[in-house]
Amino acid sequence: MAPHASTGSFSESEYTVPVFAKKQVASSPDATLTKPVTDMMGNWDTFTFAPIRESQVSRAMTRRYFADLDAYAESDIVIIGAGSCGLSAAYTLGTLRPDLRIAIIEAGVAPGGGAWLGGQLFSAMIMRKPADVFLAELGVPFEDEGDYVVVKHAALFTSTVLSKVLALPNVKLFNATAVEDLITRPEEDGVRIAGVVTNWTLVSMHHDDQSCMDPNTINAPVVISTTGHDGPMGAFSVKRLVSMQRVEKLGGMRGLDMARAEDAIVKGTREIVPGLIVGGMELSEMDGSNRMGPTFGAMALSGVKAAEEALKVFDLRKKQNRV
């Protein structure tokens with residue numbers, strides 16, 4: 001994807017990249033390394049690490065994380081959920097619009113959602129065409145079986161898209177972090193979503209047995225929700241729309257029908273209420289569409305479409321979100 005020309009969604013005066021981010025050294029043959037790995041082999045008797053003090057490690061982690069919290073408290077786009085749909089959306093947005101500040105909020109410690117394995121805990125990942133074009137762009141090899149392609153292990157897709165997303169300088173993943181609510185602003189015909197309310201996932205899991213533990217917030221003019229079908233933290237945003245009476249009721253995910261499900265998910269990916277775009281299996285709960293089971297093309301392309309839908313409304317929502 002060719003990078004989109006910057007429209008200056010934030011200026012250097014509004015946001016300064018932390019100094020440490022500018023000092024990253026690429027792991028290339030030209031990088032300054034202690035010695036080649038091959039030189040270490042066979043010389044382990046004299047091997048030793050460089051000296052360290054525990055506080056150095058603590059400060060190196062802490063100052064970077066809090067710098068990110070400060071920088072991304074005002075984000076351009078927040079993606080809820082780092083499964084295959086959310087990561088595909090992040091990759092597309094981060095590549096097309098390097099000027100946008102994108103935060104990904106993932107409740108689990110390990111991002112990737114259910115895309116580390118295929119169906120019934122098998123290894124291979126199936127994607128129906130034309131999702132093969134997304135694999136080709138990522139550089140993920142696959143076997144062509146005619147109307148569908150097979151990635152030898154689902155983890156190959158997930159680790160590849162995850163590594164590419166994490167390498168983007170304008171994207172930050174906050175994992176082990178739960179979205180507990182949506183920030184709202186009044187509109188003439190309802191509400192506009194203006195960001196997310198966050199907390200450590202472990203804290204979110206213990207609100208019933210501990211005293212009040214208030215959350216944190218991230219403002220953003222556009223939120224993309226890809227939290228999956230109904231579950232402990234699934235379909236979060238659309239369920240919240242029901243409880244805040246912005247949606248009368250959910251359609252409820254229907255039974256498995258691969259042929260119908262994948263088209264419906266990609267075509268239905270859209271802005272549900274101003275500022276909130278829903279994609280992936282969360283959309284099946286909203287619209288009452290079928291589940292597709294162990295085929296992943298719709299997850300990837302729903303993420304691409306979610307990114308496209310976000311860019312369509314971004315300038316308007318950003319203007320509205322200044323209030």
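## Basis of the model

Residues are numbered from 1 along each chain as its sequence is written. Because the model is predicted, local features need pLDDT of at least 70 and side-chain atom pairs count only at pLDDT 80 or more, while totals for chains, interfaces and linings use all residues; side-chain values use heavy atoms, with hydrogens and water left out.

## The sheet

Six strands form an open sheet in the order β6-β2-β1-β10-β13-β12, with mixed pairing. Its edge strands, β6 (171-175) and β12 (270-273), each pair on one side only. From one strand to the next, the twist averages 25°. Strands here are DSSP runs of E with at least two residues, helices are runs of H or I with at least four, and both are numbered from the N terminus. Two strands pair if DSSP finds at least two bridges between them.

Strands β1 and β10 (residues 222-225) run parallel and are joined by four bridges. Ile 80 stands opposite Ser 225 in β10. Strands of a sheet pair through backbone hydrogen bonds, either parallel or antiparallel.

## Helices on the sheet

Helix α4 (residues 84-96) lies across β1, β2 (102-106), β6 and β10, and runs at about 160° to β1. Such angles run from 0 to 180 degrees between N-to-C directions, with axes fitted to C-alpha atoms, for helices over the stretch in contact.

Helix α8 (residues 236-243) has the buried residues Phe 236, Ser 237, Val 238 and Leu 241. These pack against β1, β7 (177-187), β10, β12, β13 (276-278) and α10 (281-287). After α8 comes Gln 245, with a positive phi near 65°. Buried means under 20% relative accessible area, exposed means over 50%, and partly exposed lies in between (1.4 Å probe, protein chains only).

Ser 75 lies in the loop between α3 (54-71) and β1 (77-80). Ser 75 is buried, with a relative accessible area of 4%. Its side chain reaches the backbone oxygen of Tyr 72 at 2.8 Å. Beyond residues up to four places away in sequence, Ser 75 touches Arg 101, Ala 103, Ile 218, Asn 219, Ala 220 and Pro 221; contact means heavy atoms within 4.5 Å.

Cys 212 is in the loop between α7 (201-204) and β9 (216-219). Cys 212 counts as exposed because its relative accessible area is 67%. An unreviewed UniProt entry lists Cys 212 for "modified residue: 2,3-didehydroalanine (Cys)". UniProt positions follow the numbering used here, feature names are shortened, and annotations may be inferred rather than shown by experiment.

## Annotated binding site

The unreviewed UniProt entry places the feature "binding site" at Cys 85, Glu 106, Ala 107, Gly 114, Val 179, Asp 214, His 229, Met 281, Arg 291, Met 292 and Gly 293. From this set, the lining of the largest pocket takes in Cys 85, Glu 106, Ala 107, Gly 114, Val 179, His 229, Met 281, Arg 291, Met 292 and Gly 293. On a 1 Å grid over the protein atoms alone, a pocket is an open set of points where a 1.4 Å probe fits, with protein on both sides within 12 Å along at least five of seven lines; lining residues have an atom within 4 Å of a point.

Ala 107 lies in the loop between β2 and β3 (125-128), and is partly exposed at 23% relative accessible area. Arg 291 is found in strand β14 (residues 290-291) and is partly exposed at 37%. Leaving aside neighbours within four places in sequence, the contacts of Arg 291 include Met 253, Arg 254 and Met 281.

Notes
A polar contact is a pair of N or O atoms within 3.5 Å; within protein, one must be able to donate a hydrogen and the other to accept it, and residues adjacent in sequence count only if both atoms are side-chain atoms.
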